[in-house]
Amino acid sequence: MADRLSSLDASFLYLEDNTTPMHVGSVMTFKPPQEGFEYDNVLDLVSNRIAFVPRYRQKVRFTPGRISNPVWVDDRDFDITYHVRRSALPKPGTTAQLEEFVGRIQSRALDRSRPLWELYLVEGLQGGRFAIVTKTHQALVDGVNAIDIGQVIVDPEASREDQIPQTWRPRAEPSSVELLADSVWSAVRRPGRALSEGVSAISNVHTLGRRVMGTATDVLGAIARTATSPAPSSPLNTSGGGYRRFVMLESKLADYQKVRSRVTTPTANEHITVHDVVLAAVAGGLRAWLMARGQAVDSGATVRAMVPVSTHSIDDESEADQVTACFVDLPVGEPNARMRLHQVAYAMQQQVDSRTAVGARSLSALSGFAPPTLHSLGARLGSAMSRRMFNLVITNVPGPQHKMYAADAEMVGSCPVIPLGKGQALAIGLTSYNGKVFVGLTADRDTMPDVEMLGQCIEEALSELMIES
């Protein structure tokens, strides 16, 4: 029997077009060891670690007539040097130059005739640093059969690689006749599944996403409740092109913790988390950005975010194995920073108390939620939902609060790259790592040329929170 893609995985292939590349990514920056870190080092590292994720040596084959979902087949011509690439920034190797590089490569769709991932070693950053930039298709990262390649190559301790036994031997690629026969045999053995896959192949993507996600009762309930109140109109929901801009922000985790501690009192019924502070800073940044654009922002204005989050606090070092997906109306119309924070905290608490949030068990049943791939799976969740339900996706992953290494190179930063769905101009990913919070803003190049200004507005909103709290 063929290793067939699930309907949800297949939907990300059907979703993709020239304006909507469906891959997620990350930008990890490193401080090299004294002996240096070259392309051969990263090539050896990935070549060794790929034994843990065999899916990264498989490609997608569509069945004749697309009568059933595509299948994964071994790439008998797999070439690791095609996927692990080398690049360099011109002097002076600034953060802005790295952001431009990331925006350009994330705009290009992955080659479907090969395994659906790429990894770039980017040399020439200021201070002798280098970056590793990843691209992985959402059809590939399901949290069960494959996790993000960026999570495979880092460890909590610095060390030179011990060779992992390479036992992979590619199987013969099935012919079109064999794929067709397997689809027919599958239909005979599982007629219900075949009918579902047949409908998936001809259905529009939104119907497909709703049907797949409807397999979890909690998810269906969340969709039904949110659908009764569609997301407000926003300049964040426009039809753009396929080109991207990318902006990275870096701040201290301690700043968010200080805000939380200042507004939290022992007698208050309200429970404010660091994650609430993060969302309040984003809300304040969006407010300032909208006003700078000349957008009318009345006192009741909101921006609805779809937020897959861990139920642990962002500064909790335990693993993010408890996950909820919430629809949060960010109060961009509220002029007072402290009041914005209380409104966000209240909205998040209401989500959990009213069971509007999707529980961890339901999410696990859908896509095998795992901490290393939370950003990828959060993006998958957002892409499978109708754009009418929210204005943007915000993923937030509590990362380790200790140093991580690629071989013996210390990682000094990790920033997520979240894809844009149709009708979306902005997606935001946040990760905490080793005492810092890293924010990645992915924006449509044509409709959001001022995404850098939004980044500045978010930083100023955090400063405002620190002053007013």
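Okay, let's start with helix H4, residues 95-106, which lies across E2, E5, E6, E7 and E13 and runs at about 20° to E7. Before going on, this is a predicted model, so local features need pLDDT of at least 70, side-chain atom pairs count only at pLDDT 80 or more, and totals for chains, interfaces and linings use all residues. Numbering goes from 1 along each chain as its sequence is written, and side-chain values use heavy atoms, with hydrogens and water left out.

Some bookkeeping on labels: helices (H or I, at least four residues) and strands (E, at least two) are DSSP runs, numbered from the N terminus. Axes are lines fitted to C-alpha atoms, for helices over the stretch in contact, and angles run from 0 to 180 degrees between N-to-C directions.

So, the sheet under discussion. Six strands make an open sheet in the order E5-E6-E7-E2-E13-E12, with mixed pairing. Two strands count as paired if DSSP finds at least two bridges between them. E5 and E12 are the edge strands, each pairing on one side only.

Now E2 and E13. Strand E2 (residues 23-31) and strand E13 (residues 409-417) run antiparallel, joined by seven bridges. Which residue of E13 is the bridge partner of valine 27? That's cysteine 415, while phenylalanine 30 has methionine 411 as its partner in E13. E13 is largely enclosed by the rest of the structure, because eight of its nine residues are buried; buried here means under 20% relative accessible area with a 1.4 Å probe, protein chains only.

On E13's other pairing, two bridges join E12 to E13, again antiparallel. Alanine 406 sits opposite alanine 409 of E13. The hairpin of E12 and E13 has two residues between the strands, and alanine 407 there takes a positive phi near 60°.

Helix H2, residues 39-49, also has a buried set: Tyr39, Val42, Leu43, Leu45, Val46, Asn48 and Arg49. What covers those residues? The cover includes helix H3 (80-83), strands E5 (84-88), E6 (117-123) and E7 (130-137), helix H5 (149-152) and strand E12 (405-406). Contact, by the way, means heavy atoms within 4.5 Å.

Over to helix packing, where two packed helices are described by the angle between their axes and the distance between the axes. The axes of H10 (residues 253-263) and H11 (residues 274-292) come within 9 Å and cross at roughly 100°. That makes H10 roughly perpendicular to H11, a label for angles of 65 to 115 degrees. H10 brings Leu253, Tyr256, Gln257, Val259 and Arg260 to the contact, and H11 brings Val274, Val277 and Val278. By class, that contact has six nonpolar residues, one polar and one charged. Ala, Val, Leu, Ile, Met, Phe, Trp, Tyr, Cys and Pro count as nonpolar, Asp, Glu, Lys and Arg as charged, and the others, Gly among them, as polar.

H10 has another partner in H15, residues 451-468: their axes come within 9 Å and cross at roughly 35°. From H10, Asp255, Tyr256, Lys258, Val259 and Arg262 meet Leu462, Leu465 and Met466 of H15.

Last item, another open sheet: three strands in the order E1-E4-E3, with antiparallel pairing. E1 (3-4) and E3 (58-61) stand at the edges with a single partner strand each, so one side of each has no neighbour in the sheet. E1 pairs with E4 (residues 71-74) over two bridges, and arginine 4 has valine 71 as its bridge partner in E4.

Notes: Parallel < 35°, antiparallel > 145°, perpendicular 65-115°, else oblique. Buried < 20%, exposed > 50% of the residue type's maximum accessible area, 1.4 Å probe, protein only.
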